[in-house]
Amino acid sequence: NMREMIFIMIYVSFDMILGAYLIGNMTALIVKGSKTVKFRDKMTDLMKYMNRNRLGRDIREQIKGHVRLQYESSYTEAAVIQDIPISIRAKISQSLYLPYIEKVYLFRGCSSEFINQIVIKLHEEFFLPGEVIMEQGNVVDQLYFVCHGVLEEVGTAVDGSEETVSLLQPNSSFGEISILCNIPQPYTVRVCELCRVLRLDKQSFTNILDIYFYDGKKVLDNLLEGKESLRGKQLESDITFHMEKIEAELA
């Protein structure tokens, strides 16, 4: 009869609503805190920040592109192996990064112990084409080594226009001049194609140099020999000053 039909319809509808509610909550509990949800929340916060500060379209695209790249390459982050003992993490770093660091001109002739200390302090990062990693005139506190991809060092010409000073290929480095000579970054470093780099912070690098004095002198010698295009009088005098300082400490 009609009453039974109405009761069944109400019962079935209620059952469907309750089932959907339970499934939705179970799904939310499962995905809560997942990488995808964190990425979505971070992107939402970034959009609010960019809208509030009225950032331009170009910088918006760079920010969103970099966040997406971080999400897609998050398997390389140190957080993945942070629960592994330090001794094992050091072996992982040596296995992954030592072949690249051994070929960097800056460490040519340095001891294996010194290079191993450098390797275990490295962090892997990715950058998209068009991103500026360092800007001319800024104070630098990071040293980078190129594993894959191409970057360019850009300077300012006499007429104020940009000019490409050099291309940074795999096994190149940048940031070392500013860090070792305590001077502002001489050139802007911009990504030409998707690149993978290894980053070493200034404090870690300085601590290692303080322990390995003779390797530190070799690093400065390599810097002076390897950057022929940058050997202006001011730069050469800065490097010479630091070499004399290290030699005085060794005496």
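Me: This is a predicted model. At roughly what angle do the axes of helix H5 and helix H7 cross?
Reply: Helix H5 covers residues 112–119 and helix H7 covers residues 202–211. Their axes come within 10 Å. The crossing angle is roughly 160 degrees.

Me: How is H5 oriented relative to H7?
Reply: The axes cross at roughly 160 degrees. Angles over 145 degrees count as roughly antiparallel. H5 is therefore, relative to H7, roughly antiparallel.

Me: Is the crossing of H5 and H7 left-handed or right-handed?
Reply: The two axes come within 10 Å. The handedness of the H5 and H7 crossing is right-handed.

Me: Which residues of H7 make the contact with H5?
Reply: On the H5 side, the contact uses Phe114, Gln117 and Ile118. By class, the contact residues of H5 and H7 are 5 nonpolar, 1 polar and no charged. On the H7 side they are Phe205, Ile208 and Leu209.

Me: How many charged residues are in the contact of H7 with H8?
Reply: H7 and helix H8, residues 213–226, pack at about 115 degrees with axes 5 Å apart. H7 brings Phe205, Leu209, Asp210 and Ile211, and H8 brings Phe213, Gly216 and Val219. The classes are 5 nonpolar and 1 polar, and the charged count is 1.

Me: How far apart are the axes of H4 and H5?
Reply: Helix H4 spans residues 86–101. H4 packs against H5 at an angle of about 115 degrees, in a right-handed crossing. The axes are 9 Å apart.

Me: Which residues of H5 meet H4?
Reply: H4 contributes Ser93, Gln94, Tyr97, Leu98 and Ile101. The contact as a whole has 6 nonpolar, 3 polar and no charged residues. The H5 residues are Ile115, Asn116, Ile118 and Val119.

Me: Is Phe107 buried or exposed?
Reply: Phe107 sits in the loop between H4 and H5. Its contacts beyond four places in sequence include Ile101, Phe114, Phe205 and Val219. The relative accessible area of Phe107 is 1%. Buried means under 20%, so Phe107 is buried.

Me: What distance separates the C-alpha atoms of Phe107 and Asn222?
Reply: Along the chain, Phe107 and Asn222 are 115 residues apart. Asn222 is among the residues that Phe107 touches. The C-alpha separation is 7.3 Å.

Me: What is the relative accessible area of Phe174?
Reply: Phe174 lies in strand E6, residues 173–174. Leaving out residues up to four places away in sequence, Phe174 touches Ile133, Met134, Leu151, Leu168 and Val189, among others. Phe174 is buried, and its relative accessible area is 0%.

Me: How far apart in space are Phe174 and Phe145?
Reply: In sequence, Phe174 and Phe145 are 29 residues apart. From C-alpha to C-alpha, the distance is 6.7 Å.

Me: Which residue is 38 residues from Ser178 in sequence and 6.1 Å away in space?
Reply: Ser178 lies in helix H6. Ser178 is buried, with a relative accessible area of 3%. Beyond four places in sequence, its contacts include Asn138, Ile183, Pro184 and Gln185. The residue at 6.1 Å, C-alpha to C-alpha, is Val140.

Me: What is phi of Arg54?
Reply: Arg54 is in the loop between helix H2 (35–52) and helix H3 (57–72). Arg54 is exposed, with a relative accessible area of 75%. Arg54 is not a glycine, yet its phi is positive, at about 50 degrees.

Me: Where is Asn182 found?
Reply: Asn182 is a residue other than glycine with a positive phi, near 55 degrees. Its place is the loop between helix H6 (176–181) and strand E7 (188–191).

Me: What percentage of the residues of the chain count as buried?
Reply: The chain has 9 helices and 8 strands. Its accessible surface is about 15700 Å², with 57% belonging to carbon and sulfur atoms. Of its 251 residues, the share counted as buried is 37%.

How values were computed. Residues numbered from 1 in each chain as written. Predicted model: local features only at pLDDT ≥ 70, side-chain atom pairs only at ≥ 80, totals over all residues. Heavy atoms only, no water. Helix = DSSP H or I, 4+ residues; strand = E, 2+ residues; numbered from the N terminus. Buried < 20%, exposed > 50% of the residue type's maximum accessible area, 1.4 Å probe, protein only. Areas by Shrake-Rupley, 256 points an atom, 1.4 Å probe, with all protein chains shown as cover. Axes fitted to C-alpha atoms, helices over the stretch in contact; angles between N-to-C directions. Parallel < 35°, antiparallel > 145°, perpendicular 65-115°, else oblique. Left-handed = near helix turned anticlockwise from the far one by under 90°. Contact = heavy atoms within 4.5 Å. Nonpolar A, V, L, I, M, F, W, Y, C, P; charged D, E, K, R; others polar.
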